[in-house]
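Subject: Structure handover

Hello,

Here is the structure I said I would pass on. My notes on it follow below.

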Amino acid sequence: MASTTLRFDGRVAIVTGAGRGLGEAYASALAARGAAVVVNDLGCDVYGEGSDPEVAEAVAESLRRSGGTAIAHTEDVSESEGATGLVEAALREWGRLDIVVANAAIRRARTLADVSMLDAMTHIKTDLIGTMLVTQAAWPHFVEAGYGRLVVSSSSAIFGSDRAVPYALAKGAVTVLGRSYGVHAEGIEGDIKANVVAPYALTRMLRGVFDHDPEALDLRRRFGGAERAAETVVVLSHELCPVNANI
């Protein structure tokens, strides 16, 4: 299935963490293929600190300038009100919700020797709880419509990381959550599918970490950046998606 031939005209998508990196690539790919997109991003730094509403607004504006349909949402989805508000924003603007790409995450580079409880809990709140709250808010609308596509953005770090232990822990939990939605979808009448994507891409989160790592740079040359990962997300988000509960 070639991602370049897939269209999303009439579909509405939410992408969390869409202000930069992988999330921005996912939102751009969906909007370029006709989806109306809610660009969610708190605008925090890679450590999960601070906020800047202009980050999401800038991406949404860029998508509109390119001929797409998009609005920005800048609330924190790791809080119940923010997650619920995100889903309500899509429904209020376009009256439906077809796709959720749960991508929001942070990254604190900590080894096993220096990871703190605060590092671990901050990752769990942002990566796992944020994903859980958004999907819980969206799922009943999928069930009611008898249609939905959920893509949970995990990471190649699920195979283990010596440089970002709290990130890997949270992404492992996120992977289980996404797979669990897929298993649950099998028992629901209709066309609902949930899958997990575990990309490798040298984005803002890894700036300064792998700059002089020959292996990482070789992977970048072979597999590309965020735009290449977005091709997989496009397939998993489409009505012709051939798989469910996959990674």
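Read from the N terminus, the elements of the protein chain run β-α-β-α-β-α-β-α-β-α-β-α-α. That makes seven helices and six strands. Please keep in mind that this is a predicted model. The protein chain has 247 residues, and 52% of them are buried. Of the contacts with a separation of 6 or more, 73% are between residues 24 or more positions apart.

The sheet

The six strands form an open sheet in the order E3-E2-E1-E4-E5-E6, and the pairing is parallel. Strand E3 (69–73) and strand E6 (191–197) are the edge strands, each pairing on one side only. From one strand to the next, the twist averages 15 degrees.

Two of the pairings can be given in detail. E1 and E2 run parallel and are joined by five bridges; here alanine 13 stands opposite valine 37 in E2. E5 and E6 also pair in the parallel sense, over seven bridges, with tyrosine 147 opposite aspartate 191 in E6.

How exposed is E6, which has seven residues? Six of the seven are buried, so E6 is largely enclosed by the rest of the structure. One element lying across E6 is helix H5 (residues 165–185), which also lies across strand E5 (147–153) and runs at about 160 degrees to E6. Helix H3, for its part, lies across E1, E2 and E3, at about 150 degrees to E3.

In soluble globular proteins, nonpolar side chains tend to be buried together. In this model the largest nonpolar core has 32 residues, and those with the most contacts inside it are Val15, Tyr26, Leu30, Val37, Val39 and Val101. Two or more residues each come from strand E1 (12–16), helix H1 (21–32), strand E2 (36–40), helix H2 (54–65), strand E4 (99–102) and helix H7 (226–237). A second, separate core has 30 residues, including Ala36, Val77, Val134 and Tyr181.

Leaving out residues up to four places away in sequence, tyrosine 26 touches Val15, Val101, Asn103, Ser153, Val197, Pro199, Ala229, Ala230 and Val233.

Helices H3 and H4

The axes of helix H3 (residues 80–94) and helix H4 (residues 117–145) come within 8 Å and cross at roughly 35 degrees. The crossing in which H3 passes H4 is right-handed. On the H3 side the contact is made by Ser80, Ala83, Thr84, Leu86, Val87 and Leu91, and on the H4 side by Leu133, Val134, Ala137, Ala138 and His141. Sorted by class, this contact has eight nonpolar residues, three polar ones and no charged ones.

Methionine 132

Methionine 132 is also in helix H4. Is this residue buried, exposed or partly exposed? The relative accessible area of methionine 132 is 28%, so the residue counts as partly exposed, given that buried means under 20% and exposed over 50%. Not counting residues up to four places away in sequence, methionine 132 touches Leu177 and Tyr181.

Regards

Technical notes. Residues numbered from 1 in each chain as written. Predicted model: local features only at pLDDT ≥ 70, side-chain atom pairs only at ≥ 80, totals over all residues. Heavy atoms only, no water. Core = buried A, V, L, I, M, F, W, Y, C linked by side-chain atoms within 4.5 Å. Buried < 20%, exposed > 50% of the residue type's maximum accessible area, 1.4 Å probe, protein only. Helix = DSSP H or I, 4+ residues; strand = E, 2+ residues; numbered from the N terminus. Contact = heavy atoms within 4.5 Å. Axes fitted to C-alpha atoms, helices over the stretch in contact; angles between N-to-C directions. Left-handed = near helix turned anticlockwise from the far one by under 90°. Nonpolar A, V, L, I, M, F, W, Y, C, P; charged D, E, K, R; others polar. Pairing = 2+ DSSP bridges.
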